[in-house]
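Dear colleague,

I am handing over the structure we spoke about, with its sequence, and my notes on what was found follow below it. Please read them alongside the coordinates.

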Amino acid sequence: MSDRFDRVDPVIAPPGTRRFRDAGGLPADRWRADQTGERLVPTHCCFCGVQCGMYLRVNGAGQVFGVEPRNHDINRMRLCPKGINAYQQVNHPDRLTAPLLRRTRTEPFREVTWEEALSYTVSEIRRIQGEHGADSFGLLGGASLFSEKTYLVGKFARVALKTRHVDYNGRLCMVSAAGANKLAFGIDRAGNPFSDILQTDCLLIAGSNVGECFPVMTQYVWGARDRGAKLIVVDPRETAVARTADVHVALKSGTDSVFFNALLNVVIEDGLTDEAFIAAHTTGWAEVKQTVKAYPPSRAAEVCGIPESQVVQVARMFATAHRAMAWHARGIEHHTQGVENCLSVINLCAATGNLGEPGRGYGTITGQGNGQGGREHGQKSDLLPGGRSISNPEHRRQIAEIWGIEEAELPKAGTSMMEMVWQMQRREIRGLIGLCNNPFVSLPNYATVKDGYDTLEFHAQLDFFLSETAANAHVVFPVTTWAEDEGVMANAEARVVKHNKAQEPPPGVRTDTWVLCELARRLGVGEKFDFPGSRELFDELRLASAGTVNDYFGITYERLEQTGGIAWPCPTLEHPGTPRLFEGGKTYHPDGKVHLQTVEWHPPADPYSEEYPMTLTTGRTVAHFLSGNQTRRLGALVEQTPRPWVEVHPSHGFRNGDPVRVVTRRGSQVLPALVTEAIRADHVFVPYHWPYPVAANALTVDALDPRSKIPEYKVCAVRIERAASLDEVPAPPTPPGRTAYPEAQASRTDPLPPTSPQGRGTAERG
Amino acid sequence: MLGRTIFIDPGRCIGCQACVSACRECDSHRGKSMIHLDYPDEGHSVASLPSVCMHCEDPVAPCAEVCPADAILITADGVVQQADATRCIGCANCVNACPFGIPKIDLDAKLQMKCNLCYDRTAYGLAPMCATVCPTGALFYGTLEELQAERPGVDVSTAFAFGPVTVHTGVAMVVPAEQRTSVPGGLPIIEVNGRPTPGNGAPA
């Protein structure tokens with residue numbers, strides 16, 4: 001603990017300096033207590049998949065100026081630092097307020113009228129598609145958009161652009177879990193609400209740093225612990241939640257399915273399976289049983305690098321618990337066998353009969369705010385609204401009818417986000433519109449991504465800050481934040497919640513809906529895009545989803561405003577929603593059974609060698625969200641975690657703050673060391689929120705899961721070496737379009753490393 | 001008997017600093033956080049510990065006792081306020097006197113600032129901002145009964161030994177499970193600075 005005399009330091013900014021707000025946030029000349037005519041607007045956080053309820057504080061002039069906790073069912077007043085600071089981006093000085101345009105990338109941007117930006121965009125769409133066909137133009141959406149807008153993105157691509165190339169950044173998030181859920185259960189969502197965690201007797205968390213990525217969900221974990229539940233955490237790093245677990249399985253990244261197969265092996269050997277449940281509610285058990293014979297605990301110990309006894313201990317702890325539950329996130333999903341990893345967890349839950357009851361079940365924790373809803377209504381390349389398959393003739397006919405076009409006019413399935421970048425490199429895709437994404441930071445193998453985008457003949461981006469990707473575009477449309485529009489999102493529980501409008505957008509800013517509808521009008525299909533606002537879009541979405549597994553028909557804005565949210569499927573206006581799936585063991589396959597799938601482990605895509613003997617794994621920090629386009633501009637969050645680092649085990653001989661060169665087959669970079677015993681000795685960890693030249697994704701591999709097409713962010717081969725001096729550590733670049741604040745610059749260019757693993761370099765310690 | 005107060009449970013802390021951000025948002029602190037987050041086991045584990053003012057009761061507020069300007073006031077309900085801006089001379093006596101290392105000095109303004117238990121909120125029945133938002137309940141605001149109803153078997157201590165002096169506080173600390181060994185009389189033991197200390201607010 002620090003010496004108490006450390007406290008006598010100027011960490012409190014002198015009056016007038018307002019350090020934290022000068023580093024990005026509220027204008028320095030205002031403070032909340034000066035606001036008059038305050039009212040509270042109930043809404044939800046714009047960030048992760050927990051979707052905490054909050055009030056935005058709005059002053060008499062109609063401007064958002066603060067946040068107040070809200071006693072919503074999901075979070076019960078709790079907020080994490082991202083949620084507390086989110087409001088600061090609404091009136092942030094970096095906001096884009098006029099369209100930007102340049103005809104070549106060598107020119108600087110100039111502010112233009114909406115008319116010029118829109119007509120240039122439409123002329124480029126027409127030119128490129130006229131010369132190279134409809135599929136030469138692509139659209140990339142995002143999973144932080146309201147569901148209404150994700151529906152619009154899918155419709156705009158297929159009806160206005162008539163291209164098959166549409167995908168979204170949820171491809172980098174939860175698609176492995178979605179694929180596994182669909183295969184096993186015939187439905188694509190978590191099986192239980194968060195509140196069911198409170199009832200469990202054994203909670204297994206795999207590949208999820210709940211404390212940093214979903215902090216508010218921790219209350220459910222601790223709530224279960226208060227009741228005496230056992231906690232098992234599977235993670236190569238000792239995270240804050242792993243620290244308090246009954247068993248922390250620090251396995252090698254990329255070996256999860258060996259571990260879960262071995263657990264099932266022990267469960268079968270010990271006779272702990274729930275044979276009655278298996279017989280009544282599953283198919284494929286004989287094959288699974290046969291497969292896991294090849295995965296005894298000894299093999300798991302060898303492959304995963306963990307004690308054999310730990311495998312046996314965890315298997316018995318999980319299988320003998322009265323009620324057991326498994327939750328997982330990107331740690332097991334960001335792999336070339338992401339779908340298989342998830343299936344191996346499902347096999348374990350089903351074989352022990354742990355499905356469909358409070359305290360018994362299975363869930364995946366969505367990363368992005370609308371990671372769940374973002375893919376349900378047609379933004380994903382292979383899906384139509386209501387989770388319908390774009391390859392199914394009947395599904396195509398149903399949607400074509402709602403959209404008022406011929407089934408033959410609907411394009412076929414497109415490719416995934418990373419594959420679209422490769423197509424850009426091959427000039428198969430020559431024009432692109434992107435919204436709500438920042439692939440320059442978030443996609444793996446930065447060099448390839450930059451090459452792909454640089455090859456584009458035309459690139460437009462919709463955003464409210466100039467992201468690294470938008471800075472590479474020809475046209476940038478300034479659009480609204482979440483607080484300036486209304487719409488729904490589905491959180492990790494598939495609970496649909498409504499975000500409410502708290503203020504009017506700044507002058508010059510339009511909604512994403514307006515921009516896409518106006519482009520559609522200019523492309524000659526305006527009558528199919530007559531959506532004045534989100535409500536009209538939502539009503540069409542409800543109709544388009546009616547009768548499907550993802551049924552939203554019974555959910556209305558009014559119902560959402562009167563409740564704490566409604567979980568889909570919700571087929572009628574009287575239906576209460578479906579918070580818990582699989583009650584009575586019944587799934588959404590036509591036979592109502594769990595379709596168990598065999599899982600065979602294969603090594604990660606990037607092979608180890610003498611040159612690259614160690615494992616690099618990546619992840620989030622609590623203060624930042626995804627590509628950091630938003631959070632890297634908010635002073636309090638920048639001060640909390642100003643820069644990335646490389647986490648290394650003390651056995652490598654580094655001291656805290658040493659410059660370490662991290663080298664993979666894609667590139668290298670020098671980062672300050674954060675030396676901690678909280679990581680496996682054969683692993684290093686780099687957080688991924690920063691752009692090149694301190695981008696973890698300049699190092700990661702762009703290998704994809706063959707089914708979900710999710711990149712393998714969580715494991716690649718790496719070596720580390722000592723760099724000559726701290727001078728080699730590059731400062732994190734200033735975000736594009738950043739309003740200059742001398743003090744803020746100084747805090748970011750300081751080459752000093754973070755001081756602590758969790759919380760990672762605090763304002764208190766400068 | 002403890003009234004409504006903050007209970008700190010470091011075992012639940014995930015180091016997210018939501019408390020730090022929330023404290024900045026509190027109207028009475030106007031953009032400045034009064035919470036420290038410490039990392040007691042750096043390099044070995046990710047353990048973290050939020051520190052708020054403990055609102056010392058016996059001896060009453062050492063910070064206030066040593067204040068030469070009588071700037072630190074204590075309310076009837078035991079809340080030790082931050083320094084009165086019209087009286088504080090920024091001498092830092094309070095910083096040196098505090099056994100928990102809580103008060104901060106704004107050197108340029110010559111003004112002490114510290115956690116005042118969000119008096120602007122608690123006076124209206126609201127919980128302090130830090131304890132309201134804490135995602136894990138590492139900071140809990142309420143009564144001991146409310147805490148124990150939510151967390152069966154939890155024990156707390158309001159007595160902390162610093163050398164020969166034991167300080168009794170208005171804010172309570174949850175006793176780690178491994179130290180909840182009963183002693184004659186049924187009191188839990190918490191070890192502070194190597195010295196066993198009886199908990200539950202009982203005299204040392």
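Is K380(A) buried or exposed? In this predicted model, K380(A) has a relative accessible area of 11% and is therefore buried, since the cut-off for that class is under 20%. K380(A) forms a salt bridge with D382(A), in which the closest N and O atoms are 3.2 Å apart, and D382(A), at 28% relative accessibility, counts as partly exposed.

Over all chains, a search of the whole structure finds 55 salt bridges. One of them joins the side chains of D485(A) and K149(A) at 2.9 Å, N to O; the pair links distant parts of the chain, with D485(A) in the loop between strand 18 and strand 19 of chain A and K149(A) in helix 4 of chain A, 336 residues apart. Both D485(A) and K149(A) are buried. E468(A) and R632(A) also meet in a salt bridge, at 3.1 Å, N to O, and because E468(A) lies in the loop between strand 17 and strand 18 and R632(A) in the loop between strand 23 and helix 22 of chain A, the pair ties together parts that are 164 residues apart in sequence. E468(A) and R632(A) are both buried.

As for chain B, it has six helices and eleven strands, and 60% of its 204 residues count as buried.

Terms used
Residues numbered from 1 in each chain as written. Chains lettered and ligands numbered in written order. Predicted model: local features only at pLDDT ≥ 70, side-chain atom pairs only at ≥ 80, totals over all residues. Heavy atoms only, no water. Helix = DSSP H or I, 4+ residues; strand = E, 2+ residues; numbered from the N terminus. Buried < 20%, exposed > 50% of the residue type's maximum accessible area, 1.4 Å probe, protein only. Salt bridge = Lys/Arg side-chain N within 4 Å of Asp/Glu carboxyl O.
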